[in-house]
Amino acid sequence: EAHKETRGFQTEVKQLLHLMIHSLYSNKEIFLRELVSNAADAADKLRFEALTRPELLEGDGALRIRIEADPAARTLTIDDNGIGLSRDEAVAHLGTIAKSGTADFLKNLSGDQKKDANLIGQFGVGFYSAFIVADQVDVYSRRAGLPASEGVHWSSRGEGEFEVATIDKPERGTRIVLHLKDSEEGFADGWKLRSLVKKYSDHIGLPIEMRREAQDEEQPAAPEWEAVNKANALWTRPRSEISDAEYQEFYKHIAHDFTDPLAWSHNKVEGKLEYTSLLYTPGRAPFDLYHRDAAKGLKLYVQRVFIMDQAEQFLPLYLRFIKGVVDSSDLPLNVSREILQSGPVIDSMKSALTKRALDMLEKLAKDAPADYQRFWKEFGQVLKEGPAEDFNNREKIAGLLRFASTHGGDGAQDVALADYVGRMVQGQDKIYYLTGESYLQVKDSPHLEVFRKKGIEVLLMTDRVDEWLMNYLHEFDGKSFVDVARGDLDLGTLDSEEEKKAQEETAKAKEGLAARIKTALGEDVAEVRVSHRLTDSPAILAIGEQDLGLQMRQILEASGQ
Ligand code: ADP
Ligand code: MG
């Protein structure tokens, strides 16, 4: 070994390692899924780079992953002939965490192991999970295209530092050797490993090989490797042959998440355009959902060859939480991000995939309302960006929105517009809403008095995006939205003739009073008017019909306008 040096892990890695070892002990076996998943990613990357540089395959294009255990030595080896790592890459990728916002995320952990184990699921554990079962990990790797003399040996006991050295490694790719902890020697058992591969990695699109278990008669058999998994990419298989568990495991592989998804939609499109898509609704928002550079977009394949992660062109931004794969037969293999920017193929795929995603959410809302509530809590704010971004699907998106209302009484956002419309009173033809800072602030607002009296439901909107959303949402099911805090509220046919007459008389009688108040308040108010919307409160501030709402004003003021 040459040029050996010792390096310290980035602080975040140390914290993550500590956390993982102490909070994931009840779910240890996932380390195998993570390492196999990385090996599969490495094969994908090699296939992609070899499209333009076939020499990278070094005459061996049969990509595979091999798993071998040695119970006597208590080691477990995962070997791949994928893209491999250079020395610099090993230091960078196996010593730091590149994700933005990681430090903030780790700060938010509670120290409560159960809760943290849950949180860490949304972070994705990856390579470092090897230290859950191993007290030493050795990585031997060589990047495709580099000479045999430029291999790297990375080694660590997971305790704050690691060593790197330059080695000779004739075979391209990465071999990871886990030195199992005393208590974890069970992971060196061939049958157990086979069952774990089946359980977690059956969907992986390249062979995962293990040595054939020796049969009594076959003596002394030359070691033979056999594939343990199905080894064809999951999305290429017919839906009827894929179990829910397989769909879930595949999600975890592509999304780097280990919470189960809530729903998925798998479709093969044939005809003018040919492609297969598999879209997922995650069960939990990633910790960096609101980071600008957070991962978004689909994994793009062209004729089963991996092209890129995070192809953002196939879904609108307001669906950026959707994860999945799209495999096209129409795009060229050398497709680039620039080519993806637009064009009829991309446009038509985008609109079809958008519709698929919205249909998947509609179905979830209909078939599993409790799951839909979970979805809404995690991603509702993002979906609310939809009506502004996607004019064509406005009505469809509106149907997916959920609001708090005076009907519920606990502030939960669980009222669909269709529910609201179904509860409208005789003669009501508008959808009433009130915006504000918080549920507590709006729930007893004087604006609601007249609606309470008449038994009319009012939607209560207290998310920051709501006023902005309502600028783009004008009607639902043919009924227009009315902000109850705006202008002179005309309840139309909801007021009886007698009520209207009484209102006119009061207005006449109080004209003088209103004029005196206007004189007293001067320029601070635009107008003083006799109102019929109050039943208990003496006065109320209303917003002019054309004026900005309060939230919008605050947003603009905060941004210095
Ligand atoms: P993620 O897979 O989410 O990127 P991991 O912690 O699992 O995070 O892996 C970190 C990085 O280490 C990978 O992104 C990759 O660059 C590198 N890596 C891990 N395993 C391999 C492998 N078998 N071959 C090549 N690179 C690998
Ligand atoms: Mg990984």
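Biologist: Is the crossing of helix 2 and helix 7 left-handed or right-handed?

Modeller: This is a predicted model, where local features need pLDDT of at least 70 and side-chain atom pairs 80 or more, while totals for chains, interfaces and linings use all residues. Residues count from 1 along each chain as written, chains are lettered from A and ligands numbered from 1 in written order. Helices are DSSP runs of H or I, at least four residues. With the near helix turned clockwise from the far one by less than a right angle, the crossing of helix 2 and helix 7 is right-handed.

Biologist: How are helix 2 and helix 7 set to each other?

Modeller: Helix 2 covers residues 30–52 and helix 7 covers residues 190–201. Their axes come within 10 Å and cross at roughly 65 degrees. Angles of 65 to 115 degrees get one name, so helix 2 and helix 7 are roughly perpendicular.

Biologist: Which residues in helix 7 does helix 2 meet?

Modeller: Helix 2 brings Leu-32, Arg-33 and Val-36 to the contact (C-beta atoms within 7 Å). The residues of this contact divide into 4 nonpolar, 1 polar and 1 charged. On the helix 7 side, the partners are Leu-196, Tyr-200 and Ser-201.

Biologist: Which helix gives the largest share of the shell around ligand 1?

Modeller: The shell has 6 nonpolar, 8 polar and 3 charged residues. Of the 17 residues around ligand 1 (C-beta within 6 Å), Asn-38, Ala-42, His-93, Gly-126 and Phe-127 come nearest. The largest share is 5 residues, and it comes from helix 2.

Terms used:
Axes fitted to C-alpha atoms, helices over the stretch in contact; angles between N-to-C directions. Helix = DSSP H or I, 4+ residues; strand = E, 2+ residues; numbered from the N terminus. Parallel < 35°, antiparallel > 145°, perpendicular 65-115°, else oblique. Contact = placed C-beta atoms within 7 Å. Nonpolar A, V, L, I, M, F, W, Y, C, P; charged D, E, K, R; others polar.
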